[in-house]
Amino acid sequence: TAAEILFSARDPFSRKVVLNKGGRHMIEPGSPVVDPAGVIGQVTRVYPLHAEVTLLSDKDQAIPVVVERSGLRAVMFGTGNGLMELRYLAANADVHPGDRILTSGLDGVYVPGLPVATILKVGRDNAESFARILCRPIGTVERTGAVLVLARASGRLARPDDEVDDDMQRSSMGRVRK
């Protein structure tokens with residue numbers, strides 16, 4: 001669903017925007033939101049005519065990602081100041097400034113391969129176990145007002161039915177008896 005950003009939330013401690021579409025336009029909580037450049041966030045609240053989107057740069061947001069060049073999987077967290085950080089990667093991880101970060105699709109919310117961020121700075125300290133990797137979001141929510149709210153994928157695999165013979169039955173404890 002195409003939508004337009006009406007305004008940014010006034011809370012200085014969060015990074016959120018409000019869209020001009022809501023529940024009446026089939027917007028659902030948890031839906032990913034993208035702009036022409038890449039992923040910007042996820043719908044967190046839905047009202048009849050408006051929806052609130054928490055941006056990926058919010059300090060309470062995280063997204064599973066993959067480094068495009070090396071295929072290294074990681075989790076990216078918002079820092080709250082408009083940037084993002086790749087955490088829990090080893091100090092000798094194969095990442096360099098300028099590498100593009102894409103969605104991995106492991107969370108079931110975002111489809112794989114959507115652009116998320118570009119690595120700005122990699123801090124490596126041998127005394128530390130993990131590298132400090134700062135990234136800039138690719139999405140341009142501050143410069144454009146048009147976004148696309150994607151439908152949540154419902155492609156979960158169905159649980160296989162238990163194969164039980166006609167003469168076999170399950171007791172209330174779950175055990176199979178003849």
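Rings of Phe, Tyr and Trp (its six-membered ring) are paired if their centres lie within 6.5 Å; planes under 30 degrees apart count as stacked, over 60 as edge-to-face and the rest as tilted. In this predicted model, ring pairs link Phe77, Tyr88 and Phe130 into a cluster. Residues are numbered from 1 along each chain as its sequence is written. Local features need pLDDT of at least 70 and side-chain atom pairs pLDDT 80 or more, while totals for chains, interfaces and linings use all residues, and side-chain values rest on heavy atoms, with hydrogens and water left out.

The protein chain holds zero helices and 14 strands. Helices (H or I, at least four residues) and strands (E, at least two) are DSSP runs, numbered from the N terminus. Of the 178 residues, 38% count as buried. Buried means under 20% relative accessible area, exposed over 50%, and partly exposed in between (1.4 Å probe, protein chains only). The chain exposes about 10,900 Å², and carbon and sulfur atoms supply 51% of that area. Accessible areas come from the Shrake-Rupley method with a 1.4 Å probe; for residues, only the protein chains shown count as cover. Contacts are heavy atoms within 4.5 Å. Among contacts between residues at least 6 apart in sequence, 51% join residues at least 24 apart.

Six strands form a closed barrel in the order 6-7-8-11-10-9, with antiparallel pairing. Two strands pair if DSSP finds at least two bridges between them. Strands of a sheet pair through backbone hydrogen bonds, either parallel or antiparallel. Strand 6 (residues 62-67) and strand 7 (residues 73-78) are antiparallel and share five bridges. There, Ala62 stands opposite Phe77 of strand 7.

Strand 1 (residues 2-8) has two partners among the lines of pairing considered here. With strand 12 (residues 146-149), strand 1 pairs in the antiparallel sense over three bridges; Ala3 stands opposite Val147. Three bridges also join strand 1 to strand 2, again antiparallel. Ile5 has Leu19 of strand 2 as its bridge partner. Strand 2 (residues 16-19) pairs in turn with strand 5, antiparallel, over four bridges. Leu19 is bridged to Ala51 in strand 5.

Strand 4 (residues 39-46) and strand 5 also run antiparallel, with five bridges between them. Gly41 has Leu55 as its bridge partner in strand 5. A hairpin of four residues connects strand 4 to strand 5. In a regular strand the side chains alternate between the two faces of the sheet. Both faces of strand 5 are covered: Ala51, Val53 and Leu55 are buried on one side, Glu52 and Thr54 on the other. Five of the five residues of strand 5 are buried, so this strand is largely enclosed by the rest of the structure.

Asp58 is located in the loop between strand 5 (51-55) and strand 6. Its relative accessibility is 3%, so Asp58 counts as buried. Not counting residues up to four places away in sequence, Asp58 touches Phe13, Ser14, Arg15, Gly78, Thr79 and Gly80. A polar atom of the Asp58 side chain lies 2.9 Å from the backbone nitrogen of Asp60. The C-alpha atoms of Asp58 and Met84 are separated by 8.4 Å, with the two residues 26 apart along the chain.

Glu85 belongs to strand 8 (residues 84-87). At 11% relative accessibility, Glu85 is buried as well. The side chains of Glu85 and Arg87 are joined by a polar contact of 3.4 Å. A polar contact is a pair of N or O atoms within 3.5 Å; within protein, one must be able to donate a hydrogen and the other to accept it, and residues adjacent in sequence count only if both atoms are side-chain atoms. Not counting residues up to four places away in sequence, Glu85 touches Val75, Met76, Phe77, Thr79, Arg132, Ile133 and Leu134.

The aromatic pairs come to two. The rings of Phe77 and Tyr88 have centres 6.2 Å apart and planes at 85°, so this pair is edge-to-face. Phe77 lies in strand 7 and Tyr88 in the loop between strand 8 and strand 9 (100-103), so the pair ties together parts that are 11 residues apart in sequence. Tyr88 is exposed, with a relative accessible area of 57%. The rings of Tyr88 and Phe130 have centres 5.8 Å apart and planes at 85°, so this pair is edge-to-face. Phe130 lies in the loop between strand 10 (115-123) and strand 11 (132-137), so its pair with Tyr88 ties together parts that are 42 residues apart in sequence. Phe130 is partly exposed, at a relative accessible area of 46%.
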